[in-house]
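Me: I have a chain to look over. Let's go through its strands and their pairing, one question at a time.

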Amino acid sequence: MKKFLDLGLQPLANSFIKKKDILLKEKKFKLVVCFNPKNYLVSILNTVPKEKMFNKNYPYKSSESNTMKKSFADLAKNIKKIYKPRFVVEIGSNDGAFIKNFDKKNVVGVEPCKNLADITKKNNYKTYCNYWNIELAKKITKKRKADLVYSANTLSHIKNFNEIFKAIQISLSERGILILEDPSLLECLKNVAYDQFYCEHIYVFSTISLKKILEKFGLEIFNIETTKTHGGSNRYLIKKKSNNIYKIHSNVQKQITKELKFGLDKFSTYNKFAIKVEQSKKKLIEIFKGFKKRNLKIIGYGATAKSCTVLNYCGIGKNYIEYFYDTTSYKINKYLPGSKILIKKYKKLEHNNIDIVYLGAWNFKDEIFKKEKTFIKRGGKFITHVPYPKII
Ligand code: JHZ
């Protein structure tokens, strides 16, 4: 493991603070990112016990964004058409944004965060409030094996993937496929999106690293789709090696070639990235300072887990950003971890009382710009740090 990026001391990215706890000392951990030259895996060095992050109060809901709801609905439609799965298991089913596109009789969700599992249970979707493991996989697929195991933005959160992939192997039917969707390391590096690194993102995968991991479990990638979600993700379609129904698509080699051309197998690439991150920090602070000098009112939009990394790494706090808007009820009237900026209930932006908006949810720029047309028309501006700090 070779270290290449030090993002400083960080609080837990989704541990939003209640007003009564604002003076309490927050737990912090060292956010250092490493590269493993043997399997090309990029991971954070110090991990936090999963129970501290994924418990009965998990704030993030996939259904908060129309982009995500549409992405899940489109994918479900395509899968049904092409693979006709008779039984579907989702690992990390969150608030049901994906499983709700399937017949209740033929889908099971697994979600360790109780507040989220309760939502899908209430909607009559069979949900196990558990961390995914071999025992659970055996229980769920005892009577019928899964033709599809799906997991989006979850695998990157699980430290021990030996257990995970063994459990998936056990669950899949002979024709069964596994679809994994996670932020793409290539896009993360290209966009200098260093905020993809925080406590929950133990790994940011590349195809070349995932391929090596899967080999150990008799699994292989047979197709890859690139999606725009979460700032650029890869959707990996995976099968058992013994399954000869699906041929390996040329997209797989194409993606590997792109990654090798960019140098994702070389440590020097990561060192160059770290230099760009430092430059990005300097430039972002400069932009905020410039607006502050002019006494302009800046707020944040989307109190994301990603924002936690940026604000704490750059030392941007209440001195620059008055408050954040967010649509997630759990986050409202709480404070962002570390920076302790207040989160207010979202209201349509108005240019007469807000000058500049920092895009915490830069990955939903298109959705947000559509919503805030009037603000933009009247001269309202946004700050983003992706792919480099600028005013838009
Ligand atoms: P968003 C979370 O990261 C955590 P975050 C997690 N670890 C992960 O991997 C990804 O999700 C998938 C709000 N919003 O999706 C809603 C508005 O207020 O970028 C959310 O709080 N108005 C599981 O937190 C936040 O922004 C809007 O119009 O970095 C978006 O969070 C829209 C579109 C969103 O994930």
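Reply: Start with a cut-off: a residue is buried when its relative accessible area is under 20%. Keep in mind that the model is predicted.

Me: How many residues of strand 2 are buried?

Reply: Strand 2 spans residues 28-35. Buried means under 20% relative accessible area. The strand is mostly covered, and of its eight residues the buried ones number six.

Me: Which residue stands opposite Lys-28 of strand 2?

Reply: Strand 1 covers residues 2-11 and pairs with strand 2. The sense is antiparallel, over seven bridges. Opposite Lys-28 stands Pro-11.

Me: Which residue in the turn of the hairpin of strand 2 and strand 3 has a positive phi?

Reply: Strand 3, residues 42-44, pairs with strand 2 in the antiparallel sense over three bridges. Phe-35 has Val-42 in strand 3 as its bridge partner. Six residues lie between the two strands of the hairpin. The positive phi, about 65 degrees, belongs to Tyr-40.

Me: What are the edge strands of the open sheet of seven strands?

Reply: The pairing in this sheet is mixed, and the order is 6-5-4-7-8-11-10. An edge strand here pairs on one side only. That gives strand 6 (127-128) and strand 10 (219-227).

Me: What angle does the direction of helix 7 make with that of strand 10?

Reply: Helix 7, residues 207-215, packs on the sheet. It touches strand 8, strand 10 and strand 11 (233-240). With the direction of strand 10, the angle is about 155 degrees.

Me: Which residue in strand 8 is the bridge partner of Ala-146?

Reply: Strand 7 (residues 146-152) and strand 8 (residues 172-183) run parallel, joined by six bridges. The partner of Ala-146 is Leu-172.

How values were computed: Residues numbered from 1 in each chain as written. Predicted model: local features only at pLDDT ≥ 70, side-chain atom pairs only at ≥ 80, totals over all residues. Heavy atoms only, no water. Pairing = 2+ DSSP bridges. Helix = DSSP H or I, 4+ residues; strand = E, 2+ residues; numbered from the N terminus. Contact = heavy atoms within 4.5 Å. Axes fitted to C-alpha atoms, helices over the stretch in contact; angles between N-to-C directions. Buried < 20%, exposed > 50% of the residue type's maximum accessible area, 1.4 Å probe, protein only.
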